[in-house]
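Let's walk through this one together, from the overall fold down to single residues. Keep the viewer open as you read.

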Amino acid sequence: MIDIDVRLRRGEFQLDACIRAEVPALALFGPSGCGKSSLLAAVAGLLRPRRGHIVLDGRCLFDAARGIDLDPPARQLGVVFQDARLFPHLDVRGNLLYGARLRGGADPVALAETAALLGLEAHLPRRIDGLSGGEARRVAIGRALLSRPRALLLDEPLTGLHRAARRELLAHLVRLKQELRVPLLLVSHDAEEVAAIADRVALIGDGRIAASLDNAGFRTRHLPRDALHSSTLADTGVDP
Amino acid sequence: MTDWLAPAEWQALALSLKVALVATLAALPPGIALAWWLARRRFVGKPLLETALMLPMILPPVVTGYLLLQWFGNASPVGRLLTALGTPLAFRWSGAALAALVMGLPLLVVTLRTAFEQVDQRLEQAAATLGASPWRVFIGVSLPLARRGLIAGAALTFARAFGEFGATITFVSAIPGQSRTLPVAIYELINQPDGEAGALRLVWVSLAVGLLATLGASLLLARGARARSEPAA
């Protein structure tokens, strides 16, 4: 259950976002520059809203009126940034275990399971500057998952990847959602990605939440008919 | 093996190494804290602190030494307190280390501050979302990513401390075994009628130490660079 009602302002730009959703996977969908990444940053505690509140699974993360503003570590959210933000001084294993070590130890079983889930088993000793874009994104997802987050926040997880890497990562994300039952908050301007993952979609435009759709409603409005049978979706094994 | 330097020359070399090492190690905690503070915080009086830190690099060393003598000398309140505690600084090797620290600290702070400023703050944000407190972010991310600046800054500080002359001789004079460091010994030998040969030997020794310190720092830096550019296994 996510309950967001905030006003964000950055320079001239302002976003009023009011969302309530009781689904495992919520997507914020909108064009570049609509403020969806800022909203994700606000949920993560990296950007302070002007007013309002953010409640996740009954836990208040931010409430301007009551003076509540948990710092990012206390929010316990796994954030997967668009630019991955892997630590260059650590190898893949070190990156994966960074959050786990801070939150009560590195469980080898969890590491093995996560590496298997994301297809990273062979990459554990590698340095991160040799990773491809898709591999780096998967390490970032694994690193967030292993920190035992209360929810996973994904910022444009497929953007900038070439076709094969997109397909592969989307399949991993769908599996992750089915197997792990971690609540997902996805930010994206990519309709296919949103349709494959999200149960509910908040459309952002003109500085506010313009509409809220369920998955089927989103598909009919935003996914071209032929896209359902070709391209990335069909290849993930997800039934459109 | 030991007879190519006179005992007094060995003593000066050993003292200088000890003073420089202690000064460098002692400069690290305040140097790291100050560099971080200046790189990441905005506060009232920041330009004042920056200027005060740079003063030892700008002032004639003899002035710094004189000020140290005023503040920490045996006639000063601090000096009397230290003497009462059994740890006077004046005319002791610890005073020489303090002078070397004061002269070397600006180099450490300047170098390390630049390194901290170049650390990508988005990585620090990522660490925070993964559960790291500000202290853990600093220890686990910021400091390792600034390690080249730390190595370079420490090497510069060591070299500066090893070569410190003006502030040292003003503050702690030239007591053999306590404050007669290598540069001070060279200066004295040059002014002795038969000291030319000894001075020359010590000049060679300081060249060797300077080269070794620079070489050591370069090797450490190269190792860091190689580890980063190593092709994936």
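First, some housekeeping. This is a predicted model, so to speak: local features need pLDDT of at least 70, side-chain atom pairs count only at pLDDT 80 or more, and totals for chains, interfaces and linings use all residues. Residues are numbered from 1 along each chain as its sequence is written, while chains are lettered from A and ligands numbered from 1 in the order in which they are written.

Take chain A to begin with. It has 9 helices and 11 strands, where helices (H or I, at least four residues) and strands (E, at least two) are DSSP runs numbered from the N terminus. The radius of gyration of chain A, taken over C-alpha atoms, is 17 Å, close to the 18 Å that the globule rule gives for 240 residues, so chain A is as compact as a globular protein of that length. That rule is 2.2 Å times the number of residues to the power 0.38. Along the principal axes, the C-alpha atoms of chain A fill a box of roughly 45 × 45 × 30 Å. Of the 240 residues in chain A, 47% are buried, meaning that 20 or more other C-beta atoms, placed from the backbone, lie within 10 Å of the residue's own. Among contacts in chain A with a separation of 6 or more, 69% join residues 24 or more positions apart; a contact here is two C-beta atoms, placed from the backbone, within 7 Å.

Now for the interface. On it, 23 residues of chain A are in contact with 19 residues of chain B. Two or more residues each come from α2 (72–75), β7 (77–80) and α3 (92–102) of chain A, and α3(A) gives the largest share, 3 residues. The chain A side divides into 12 nonpolar, 5 polar and 6 charged residues (Ala, Val, Leu, Ile, Met, Phe, Trp, Tyr, Cys and Pro are nonpolar, Asp, Glu, Lys and Arg charged, and the others, Gly among them, polar).

Helix α3(A) also packs inside its own chain. Its axis and that of α5(A) (residues 133–146) come within 6 Å and cross at roughly 30°, with axes fitted to C-alpha atoms over the stretch in contact and angles running from 0 to 180 degrees between N-to-C directions. That makes α3(A) roughly parallel to α5(A), the term for angles under 35 degrees. The contact has 7 nonpolar, 3 polar and 1 charged residues.

The axes of α2(B) (residues 46–58) and α5(B) (residues 93–117) come within 8 Å and cross at roughly 120°. These two helices are therefore oblique to each other, the class left over once roughly antiparallel (over 145) and roughly perpendicular (65 to 115) are also set aside. On the α2(B) side, B:Leu53, B:Met54, B:Pro56 and B:Met57 meet B:Val102, B:Met103, B:Pro106 and B:Val109 of α5(B). By class, that contact has 8 nonpolar, no polar and no charged residues.

Finally, which residues does B:Ala132 touch, leaving aside neighbours within four places in sequence? They are A:Pro73, A:Leu102, B:Ala127, B:Val137 and B:Gly140. B:Ala132 is in the loop between α6 (121–129) and α7 (134–145) of chain B, and is buried, with 24 other C-beta atoms within 10 Å. B:Gly149, in α8(B) (residues 147–163), also counts as buried, with 24 C-beta neighbours inside 10 Å. B:Gly149 sits 5.7 Å from B:Thr111, C-alpha to C-alpha, though they are 38 residues apart in sequence.

Definitions and conventions:
Buried ≥ 20, exposed ≤ 12 C-beta atoms within 10 Å, placed from the backbone.
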